[in-house]
Amino acid sequence: MNYESTIPSEDVTMLDDTEAHAASRRWIIITAAVVVALLLAYIGYNYFTGGAVKDDTASQAPMVTVMSPGKQQVIRTINATGTLAARREIPVSIVGEGGRVTNVYVDAGDWVKQGQIMASIDRSVQVQQAAGQEASVGVSRADLNLAQANLDRAAQLVDRGFISKADIDRLTATRDSAAARLRVSQAQLNETRARNNRLNVVAPKAGFVLERNVEPGQTVTQGSGTLFLLAQDGEMELQARLGESDLANISVGISTQVTPVGTDKILTGQVWQISPIIDPQSRQGIARISLGYDSALRPGGFASARIQSGTSEVAILPESALQNDSKGSFVYIVGPDNKAVRRDVVIGSVSEAGLSITSGLTGNEKVVLRAGGFLSPGETVQPKVQKKAGGA
């Protein structure tokens, strides 16, 4: 029995066409899916390797606080240090012959008046010499009186013819010689008295005794050096050392504030002399600041001074913005491309408001206020603007 069935050829042809059409549609769908997948992969690649990386780089840049300081009008102040000294020192020593000191009447720290006796010298020998000179004056005066009396008596006898004209001339010469000897004796006595008076050590000017270098019983001569050191009228001064540029910005008469080391006193003084020369080694000169007497002022000690030298317009920054290295002081500023740029500056006066920048800034830059020590030139940063240096 034959079970083989037969399919008409016409039906087979229809089946082949349907299967071919379905396969073609599947290939189109697969191709479209691949294209879409490739497109999505391309977009994702651009996103993660382009924009995302750039955003990540920007987010990793350090954030820094910046400000534009502008310029402010401030009183230009020069800070200086120096040595205290007497404005006018007067060394007092022996002006006479000297001898053994019998008494010392003043000590260091005392005030003296002009002409006041500060020490006395033994004058026992000189007193005897003066007594001898006084006796010589008496002898010369007696000789003069006798010569004058003889001349007067002789003059009365001339008209009677008992005395000649030659005798009168001889007696007149004797009288004149006696008068001359009296003047010589008187001059010698005055000289001796003057020498004796110079044995006293007296104050040539009124002032404050800084040093005492003599004691009773000591033998002193003109080669003994300074016995006392006076500060005339007690006036003191600060010899402030300043650089050439600072000296050029001050003038005689400007006010200063002086603080001696070891005290909290603030004394007011004035610049009374500016050094006409500059030390070729230190490149500094001296401004001499006059001060009245104060117990805190001790010659030889140190003091600091704040000298007001006018006003100027400068940029003011907090101390945290300043950096220092072997090349000097500098700050970091942020440019338009958000890159850190080193800018060298010159620091002026220091006040409660901050540090005055006398050179290097126009005031319009964006200055990094903090974290400058962690930056490098050319480093990319994220600036955060702050209006005031003292703000957060």
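Helices, counted here as H or I runs of at least four residues, and strands, counted as E runs of at least two, are DSSP runs numbered from the N terminus. On that basis the protein chain of this predicted model has 4 helices and 22 strands. Of its 392 residues, 31% count as buried, and its accessible surface comes to about 24100 Å², of which 53% belongs to carbon and sulfur atoms. Among contacts between residues at least 6 apart in sequence, 74% join residues at least 24 apart.

**Helices and a nonpolar surface patch**

- Helix 1 covers residues 9–60 and includes Trp 27, a residue that is exposed, because its relative accessible area of 61% lies above the 50% over which a residue counts as exposed.
- Trp 27 belongs to a nonpolar patch on the surface, which it forms with Ile 30, Val 34 and Leu 38, and the four residues together have about 450 Å² of accessible area.
- Helix 3 runs over residues 165–197, and its 33 residues, at 1.5 Å a residue, should span 48 Å; the C-alpha atoms at its ends are 48 Å apart, which agrees with that expectation.
- Several residues of helix 3 are buried, among them Ile 168, Leu 171, Leu 182 and Leu 189, and the buried set also includes Ser 185, Thr 192 and Asn 196.
- The cover over the buried residues of helix 3 includes helix 2, which is made of residues 124–157.

**Strand pairing**

- Strands of a sheet pair through backbone hydrogen bonds, in either a parallel or an antiparallel sense.
- An open sheet of 4 strands has the order 7-6-4-9, and its pairing is antiparallel.
- At the edges of this sheet stand strand 7 (201–202) and strand 9 (219–220), each with a single partner strand, so one side of each is left without a neighbour in the sheet.
- Strand 6 (residues 117–121) runs antiparallel to strand 7 and is joined to it by 2 bridges; Ile 117 has Val 202, in strand 7, as its bridge partner.
- Strand 19 (residues 346–351) and strand 20 (residues 354–359) also pair in the antiparallel sense, in this case over 4 bridges, and the two form a hairpin with 2 residues between them.

**A buried threonine**

- Thr 256 is found in strand 12, which covers residues 255–260, and Thr 256 counts as buried because its relative accessible area of 1% falls under the 20% limit.
- Leaving aside residues up to four places away in sequence, Thr 256 touches Leu 267, Thr 268, Gly 269, Gln 270 and Val 271, and also Ile 289, Arg 306 and Ile 307.

**Salt bridges**

- Side chains of opposite charge can pair when their charged atoms come close.
- With a salt bridge taken as a side-chain nitrogen of Lys or Arg within 4 Å of a carboxyl oxygen of Asp or Glu, the count comes to 12 salt bridges.
- One of them joins Arg 212 and Asp 107, whose closest N and O atoms are 3.9 Å apart.
- This pair links distant parts of the chain, 105 residues apart, with Arg 212 in strand 8 (residues 207–212) and Asp 107 in the loop between strand 4 (99–104) and strand 5 (111–112).
- Both partners count as partly exposed: Arg 212 has a relative accessible area of 22%, and Asp 107 has a relative accessibility of 38%.
- Glu 237 and Arg 288 meet through their side chains in a salt bridge with an N to O distance of 2.8 Å.
- Glu 237 lies in strand 11 (residues 236–243) and Arg 288 in strand 14 (residues 284–291), so this pair ties together parts that are 51 residues apart in sequence; Glu 237 is buried, with a relative accessible area of 0%.
- Strand 11 also holds Arg 241, while Asp 279 lies in the loop between strand 13 (267–274) and strand 14, so their pairing ties together parts that are 38 residues apart in sequence.
- The side chains of Arg 241 and Asp 279 meet in a salt bridge at 4.0 Å, N to O, and both residues are partly exposed, Arg 241 with a relative accessible area of 36% and Asp 279 at 29% relative accessibility.
- Salt bridges that share partners join Asp 107, Arg 212 and Glu 215 into one network.

Notes: Residues are numbered from 1 along each chain as its sequence is written. This is a predicted model: local features need pLDDT of at least 70, side-chain atom pairs count only at pLDDT 80 or more; totals for chains, interfaces and linings use all residues. Side-chain values use heavy atoms; hydrogens and water are left out. Patches are made of residues with over 30% relative accessible area and no salt bridge: like charges are joined within 9 Å, nonpolar side chains (Val, Leu, Ile, Met, Phe, Trp, Tyr) within 5 Å. Accessible areas come from the Shrake-Rupley method with a 1.4 Å probe; for residues, only the protein chains shown count as cover. Buried means under 20% relative accessible area, exposed over 50%, partly exposed in between (1.4 Å probe, protein chains only). Contact means heavy atoms within 4.5 Å. Two strands pair if DSSP finds at least two bridges between them. The expected span of a helix is 1.5 Å times one less than its number of residues.
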